[in-house]
Amino acid sequence: MTTRKPNGLDDLGLSNIGKIFHNPSYTEVQAHEVNKKEAKLATSGATMCDTGIFTGRSPKDKYFVDQEPSNKHIAWGDVNKPIKKEIYEELLELTKKQLSDKDIYIIDVYAGSSLASRKKVRFVTEIAWQAHFVKNMFIRPPEDEVNEFLPDFVVYNACKTSNEKWEDHDLNSEVFVVFNVEDNVSIIGGTWYGGEMKKGIFSMMNYWLPLENKLSMHCSANVGKDDDVCLFFGLSGTGKTTLSTDPNRALIGDDEHGWDEYGVFNFEGGCYAKVINLDPLGEPEIYGAIRQDALLENVVYDEYGEVDFDDGSKTENTRVSYPIEHIDNHKEDLMAGHPSNIIFLTADAFGVLPPVSKLTKEQAMYYFLGGYTAKVAGTERGITEPVAVFSACFGEAFLPLHPTEYAKLLGDKIDEHGVNVYLLNTGWTGGVYGVGKRMSLKDTRACIDSILNGSINDAKFETIDIFNLSVPTMLDGIYNNTILNPRNTWDDKEAYDKTLKELAGMFIENYSRYDGHGSEFDFSSAGPQL
């Protein structure tokens with residue numbers, strides 16, 4: 001059993017620590033999960049855990065300590081809420097008290113595969129499956145580097161404690177996820193959800209990198225045999241993981257990347273995929289990745305450990321984390337050169353956006369700042385019809401800086417490297433959700449293939465009204481080319497026209513929040529016009 005004493009242990013401020021499990025092996029951590037009754041084994045060999053009452057992040061409980069100089073850079077508001085330093089220090093003491101007087105797991109990892117841009121991160125937790133999650137999701141350093149590891153940033157996960165004084169502190173709830181940029185520390189309490197650790201470091205990379213003139217991105221990425229790199233931006237449920245996992249292209253990563261002077265690089269060393277309704281035929285690579293060392297969250301299973309991926313009774317947000325090595329065709333160094341193509345993914349539940357559109361530079365900036373997708377009925381309580389969702393840069397919840405800071409970097413890099421940008425609708429066709437049907441994965445992949453092999457450049461294009469999007473009239477691999485213009489797929493053309501205008505109005509209203517940011521970010525003319 002690994003009980004090695006890590007460097008900088010005294011700096012953690014914990015007292016009477018029992019055993020320290022420092023970067024335990026997968027075999028060791030799985031034994032702990034099972035023996036401590038934190039998890040069970042699936043028939044596939046994967047471990048299965050439940051994350052408690054929280055099966056997703058708690059964005060309303062995320063705070064940054066309000067202090068100089070970081071408070072001059074942070075875009076304060078609903079996403080980035082300030083917390084007083086004295087309250088943070090009280091919660092830090094509460095956190096350290098919870099992690100003292102017991103056995104703990106210390107996991108030392110890298111965030112970022114680029115040597116020029118990576119950060120050393122230390123996670124401290126008392127939960128074995130959380131140590132497993134971190135081991136899956138970040139870059140595991142070689143043994144000789146573990147022995148010399150000193151962290152740039154420390155995450156204390158004290159999920160078993162909570163803030164009983166939250167009302168006195170004028171906070172949202174007893175849950176807290178707090179970042180102290182100057183002290184390079186994050187503390188977590190009141191929630192067991194592993195994604196708080198993953199997205200917490202993503203938030204910090206989104207702070208650090210742009211200040212170094214490097215772009216941080218909520219996207220997946222892969223690379224072809226000719227070293228052509230493609231980025232896939234999109235919110236949850238749009239297909240980032242599924243569509244970037246391609247047997248003919250090496251996966252760089254499925255969710256979080258940076259773009260520095262050397263090219264694109266993964267922040268992580270693993271993948272975190274949704275598994276609700278997982279189909280082994282439609283997504284064989286992800287299905288095959290669910291084996292020994294993978295960690296399933298909140299799935300339903302029988303007495304033998306057989307998982308029912310179609311059962312969302314615990315949550316629709318069932319997940320699996322696994323080391324990226326579980327994808328046979330992955331880029332071993334987790335980085336590649338500058339991208340040739342960028343694809344913005346949206347699941348349009350209104351059914352009016354085309355399957356694929358080629359964007360101008362100005363349109364690319366508009367749709368990047370928009371970050372559009374749609375929620376459908378049944379995904380959240382109270383949603384009975386499609387709801388438009390706009391998340392700037394396709395990841396607003398994780399952006400400490402103003403969205404225009406990231407947009408400026410993207411625009412500069414598109415110009416510098418001559419990148420082609422496309423908008424893909426992986427949502428509905430033939431009508432709104434409940435009337436039309438979901439775009440087939442086969443047709444979506446055909447659109448992507450035409451981008452990657454360049455054949456889309458030989459297509460004839462037409463323009464969609466209102467949105468002024470340029471769409472091909474024919475593409476190789478699309479059996480029924482009428483789907484390329486969404487109006488053709490609706491039986492009720494008047495209903496299509498009305499819905500198109502309604503969605504256009506939502507885009508225009510959303511983009512109005514960038515009014516006043518100067519002509520450099522006035523891309524309203526590149527969006528829909530009524």
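This is a predicted model: local features need pLDDT of at least 70, side-chain atom pairs count only at pLDDT 80 or more; totals for chains, interfaces and linings use all residues.

User: Cavities, then. How many are there of 30 Å³ or more?
Analyst: Five cavities reach that volume.

User: What lines the largest cavity?
Analyst: The lining consists of R57, S58, P59, K62, V177, F179, E196, K199, G200, S203, A397 and F398. Two elements, β9 (176-180) and α5 (195-208), each give two or more residues to that lining.

User: Which element gives the most to the lining of the largest cavity?
Analyst: That is α5, with four residues.

User: And how does the lining of the largest cavity divide by class?
Analyst: Five residues of that lining are nonpolar, three are polar and four are charged.

User: Now the pockets. What is the volume of the second largest pocket?
Analyst: About 270 Å³. The lining of that pocket has 14 residues, and A75, V79, E396, P403 and R513 are the ones nearest the centre. By class, the lining of the second largest pocket has seven nonpolar, four polar and three charged residues.

User: Which residues of α8 and α9 meet?
Analyst: From α8 there are K361, A364, M365, F368 and L369, and from α9 there are P403, T404, Y406, A407, K408, L410, G411, I414 and D415. The residues of this contact divide into nine nonpolar, two polar and three charged.

User: How does α8 cross α11?
Analyst: The axes of α8 and helix α11 (residues 493-511) come within 10 Å and cross at roughly 85 degrees. That makes the two helices, α8 and α11, roughly perpendicular. In this contact, Y366, Y367, L369 and G370 come from α8, while F507, I508, N510 and Y511 come from α11. Six of the contact residues are nonpolar, two are polar and none is charged.

User: Other end of the chain. Are α1 and α3 roughly parallel or roughly antiparallel?
Analyst: Helix α1 (residues 26-35) and helix α3 (residues 128-137) have axes that come within 8 Å and cross at roughly 150 degrees. That makes α1 roughly antiparallel to α3. The crossing of α1 and α3 is left-handed.

User: Which residues make the contact of α1 with α3?
Analyst: Y26, V29, H32 and E33 of α1 meet A128, W129, A131, H132, K135 and N136 of α3. That contact has five nonpolar, three polar and two charged residues.

User: Last topic, the backbone. Which peptide bond is cis?
Analyst: The bond from E68 to P69 is cis, with omega near 0 degrees. P69 sits in the loop between β4 (62-65) and β5 (81-83).

User: And what is the phi of D227?
Analyst: D227 has a positive phi of about 65 degrees, although it is not a glycine. D227 is in the loop between β11 (215-223) and β12 (229-233).

User: Why flag those two?
Analyst: Because most residues other than glycine have a negative phi, and most peptide bonds are trans.

Note on methods. Residues are numbered from 1 along each chain as its sequence is written. Side-chain values use heavy atoms; hydrogens and water are left out. On a 1 Å grid over the protein atoms alone, a cavity is a set of points where a 1.4 Å probe fits but cannot get out, and a pocket is an open set with protein on both sides within 12 Å along at least five of seven lines; lining residues have an atom within 4 Å of a point. Grid points are joined across faces, edges and corners, and a volume is the space filled by probe spheres set on the points. Ala, Val, Leu, Ile, Met, Phe, Trp, Tyr, Cys and Pro count as nonpolar, Asp, Glu, Lys and Arg as charged, and the others, Gly among them, as polar. Contact means heavy atoms within 4.5 Å. Axes are lines fitted to C-alpha atoms, for helices over the stretch in contact, and angles run from 0 to 180 degrees between N-to-C directions. Angles under 35 degrees count as roughly parallel, over 145 as roughly antiparallel, 65 to 115 as roughly perpendicular and the rest as oblique. A crossing is left-handed if the near helix is turned anticlockwise from the far one by less than a right angle, and right-handed if clockwise.
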